Amino acid sequence: MSEEIARLVEISICDLHGIESRAGAPAVAREVLRLNTAVRDIARPALHFSDQPADFPAALLRNADPANA
């Protein structure tokens, strides 16, 4: 994880939301990166190189686990 990402998360937590993270910005940044990677990995097989950014949520819905409905 880069320090830049941790700094951006810290800015978001403190300046935008006005709260102080109990976990700390580096821990939050690691979790954000982990979740982003997981979502991309789920959607990647359902997307084609010519798809538009708006197609991403639709791909997630098509591949959603019915148990989470």
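**Contacts and confidence**

I started with contacts (heavy atoms within 4.5 Å). In this predicted model, residues 24 or more positions apart make up 20% of the protein's contacts with a separation of 6 or more.

I noted the ground rules next. Residues are numbered from 1 along each chain as its sequence is written, and side-chain values use heavy atoms, with hydrogens and water left out. Because this is a predicted model, local features need pLDDT of at least 70 and side-chain atom pairs count only at pLDDT 80 or more, while totals for chains, interfaces and linings use all residues.

Then I checked pLDDT, the predictor's confidence in each residue, from 0 to 100. The protein averages 80, and 91% of the residues score at least 70. Confidence is lowest in helix α1 (residues 3-16), with a mean of 78. Helix α2 (residues 25-43) has the highest, at 84. A reminder to myself: where pLDDT is low, the predicted coordinates should not be read in detail.

**Overall build**

I looked up the secondary structure and got three helices and zero strands. Both kinds of element are DSSP runs, numbered from the N terminus: helices are H or I with at least four residues, strands are E with at least two. Reading from the N terminus, I get α-α-α. The radius of gyration is 15 Å, well over the 11 Å that the globule rule gives for 69 residues, so the protein is more spread out than a compact globule. That radius is taken over C-alpha atoms, and the rule is 2.2 Å times the number of residues to the power 0.38. Along its principal axes, the C-alpha trace spans about 35 × 30 × 20 Å.

**Surface and charge**

I found that 10% of the 69 residues count as buried. The cut-offs I used: buried is under 20% relative accessible area, exposed is over 50%, and partly exposed is in between (1.4 Å probe, protein chains only). The accessible surface comes to about 5600 Å², and 58% of it belongs to carbon and sulfur atoms. Those areas come from the Shrake-Rupley method with a 1.4 Å probe; for residues, only the protein chains shown count as cover.

For charges, I counted Lys and Arg as positive and Asp and Glu as negative, leaving out His and the chain ends. Each charge is placed at NZ of Lys, CZ of Arg, CG of Asp or CD of Glu. The mean positions of the 7 positive and 10 negative charges are 4 Å apart.

**Single residues**

I looked at E10 in helix α1. E10 is partly exposed at 35% relative accessibility. Leaving aside neighbours within four places in sequence, E10 contacts D15 and A25.

R22 lies in the loop between α1 and α2. R22 is exposed, at 87% relative accessible area. From R22 to F56, 34 residues apart along the chain, I get 32 Å between C-alpha atoms.

Then I moved to the loop between α2 and α3, where P45 is found. P45 is exposed at 68% relative accessibility. C-alpha to C-alpha, P45 and N63 are 9.6 Å apart in space and 18 residues apart in sequence.

L47 is in the loop between α2 and α3 (55-62). L47 is partly exposed at 29% relative accessible area. Not counting residues up to four places away in sequence, L47 touches D55, F56 and A59. I also have L47 and A58, 11 residues apart along the chain, with C-alpha atoms separated by 9.6 Å.
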